[in-house]
Amino acid sequence: MNKFLFRPVLAGLLAVSLLAALPSAAAAYCKGADLRKHVSATDRVQPWFISGSVVHADCDPFSWNRSKCVDARPERFARTKRIPTTSLETVAESLRTISSEPIRNQVKLLELDMLSKAEFANMTTTLRNGNFEDRLTEAMLVNEALMYRDLKVSRAEVSRLLRSRDKYILNERNKNWMPRILARKEKTIMVAVGAAHLPGDYGVLNLLHKRGYTLGPIKR
């Protein structure tokens, strides 16, 4: 957890009323008695983590509970078939990249997350259903159109903040993965990533295409 701890800043950037609500939200998330004693530490935790794992803990958007997330399926299959696996990044590398997002952008998104009454779990369900129905781009557009609609914030500002979040959660990590993918010497490999990592100028598909790969869908 110390990988995304930093010097206290929330007290100076987050509205007082929202800052006061964080300890109770953290206590509800940290069900263990020992963790409840340290809820004041939320002022030293990266805001993006608080948004995903405390404010929206009901739907586990970052898939910390890996035993239940989609990522676990190919891992279980590989173990059953005794297929060797490796990772595109370490946990520390992932956290370091995501935490590089400017703190003020993180705090603003946390503020919007705490103020919005929108059903974030429903939006997550929309994304997951869009993924399995091969309509992820549509689902992402729908979600962005609905996100924070109940708040007095311009759509341009929402778009700016979401692009900032995407840059560090998706694009920068995609670029970091390329050397490990390209270093593989096997004739055939399978690379499993979240569907949101595929599209876009810095999506995995375009990054591979720019390096000379010919891409096409797998016949089902």
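This is a predicted model: local features need pLDDT of at least 70, side-chain atom pairs count only at pLDDT 80 or more; totals for chains, interfaces and linings use all residues.
Colleague: Which residue forms a salt bridge with Arg-163?

Modeller: The general idea goes like this: side chains of opposite charge can pair when their charged atoms come close. Here the partner is Glu-144, with the closest N and O atoms 3.0 Å apart. This pair links distant parts of the chain, as Arg-163 belongs to helix α10 and Glu-144 to helix α9 (residues 136–146), 19 residues apart. Glu-144 has 22% relative accessibility and therefore counts as partly exposed.

Colleague: Which residues are linked with Arg-163 in a network of salt bridges?

Modeller: Glu-144 and Asp-166 are: together with Arg-163 they make up a network of salt bridges.

Colleague: How many salt bridges does the count come to?

Modeller: The count is 10 salt bridges. One of them joins the side chains of Arg-180 and Glu-93, at 2.9 Å from N to O. Arg-180 sits in helix α10 (residues 155–182) and Glu-93 in helix α6 (residues 91–98), so this pair ties together parts that are 87 residues apart in sequence. As for accessibility, Arg-180 is partly exposed at 34%, and Glu-93 is partly exposed at 24%.

Colleague: What about Glu-186: which residue does Glu-186 form a salt bridge with?

Modeller: Look at Arg-184, where the closest N and O atoms of the pair are 2.7 Å apart. Glu-186 has a relative accessible area of 41% and is partly exposed; Arg-184, at 39%, also counts as partly exposed.

Colleague: On to the rings. How many aromatic pairs does the structure hold?

Modeller: You will find 1 aromatic pair. The ring centres of Trp-48 and Phe-49 lie 6.0 Å apart with the planes at 85 degrees, so the pair is edge-to-face. In general, a pair of aromatic rings is described by the distance of the centres and the angle of the planes.

Colleague: Are Trp-48 and Phe-49 buried or exposed?

Modeller: Both Trp-48 and Phe-49 are buried.

Colleague: Which residues lie over the face of Tyr-202?

Modeller: Here we look at a charge placed over a ring. Lys-175 lies over the face of Tyr-202, 4.8 Å from the ring centre. Lys-210 also lies over the face of Tyr-202, at 5.3 Å from the ring centre.

Colleague: And the surface: which residues form a nonpolar patch there?

Modeller: Leu-182, Leu-205, Tyr-213 and Leu-215 do, and together they have about 330 Å² of accessible area. Leu-182 is part of helix α10 and, with a relative accessible area of 32%, is partly exposed.

Colleague: Now the whole chain, please: how many helices and strands does the secondary structure come to?

Modeller: The protein chain has 11 helices and 0 strands. Of its 220 residues, 35% are buried. The protein chain exposes about 14,200 Å², and carbon and sulfur atoms supply 56% of that area.

Colleague: How should I read contacts along the sequence?

Modeller: Take the contacts between residues at least 6 apart in sequence, and look at how far along the chain the partners lie. In this protein chain, 70% of those contacts join residues at least 24 apart.

Notes: Residues are numbered from 1 along each chain as its sequence is written. Side-chain values use heavy atoms; hydrogens and water are left out. A salt bridge is a side-chain nitrogen of Lys or Arg within 4 Å of a carboxyl oxygen of Asp or Glu. Helices (H or I, at least four residues) and strands (E, at least two) are DSSP runs, numbered from the N terminus. Buried means under 20% relative accessible area, exposed over 50%, partly exposed in between (1.4 Å probe, protein chains only). Rings of Phe, Tyr and Trp (its six-membered ring) pair if their centres lie within 6.5 Å; planes under 30 degrees apart count as stacked, over 60 as edge-to-face and the rest as tilted. A charge sits over a ring if NZ of Lys or CZ of Arg is within 6 Å of the ring centre and within 35 degrees of the ring normal. Patches are made of residues with over 30% relative accessible area and no salt bridge: like charges are joined within 9 Å, nonpolar side chains (Val, Leu, Ile, Met, Phe, Trp, Tyr) within 5 Å. Accessible areas come from the Shrake-Rupley method with a 1.4 Å probe; for residues, only the protein chains shown count as cover. Contact means heavy atoms within 4.5 Å.
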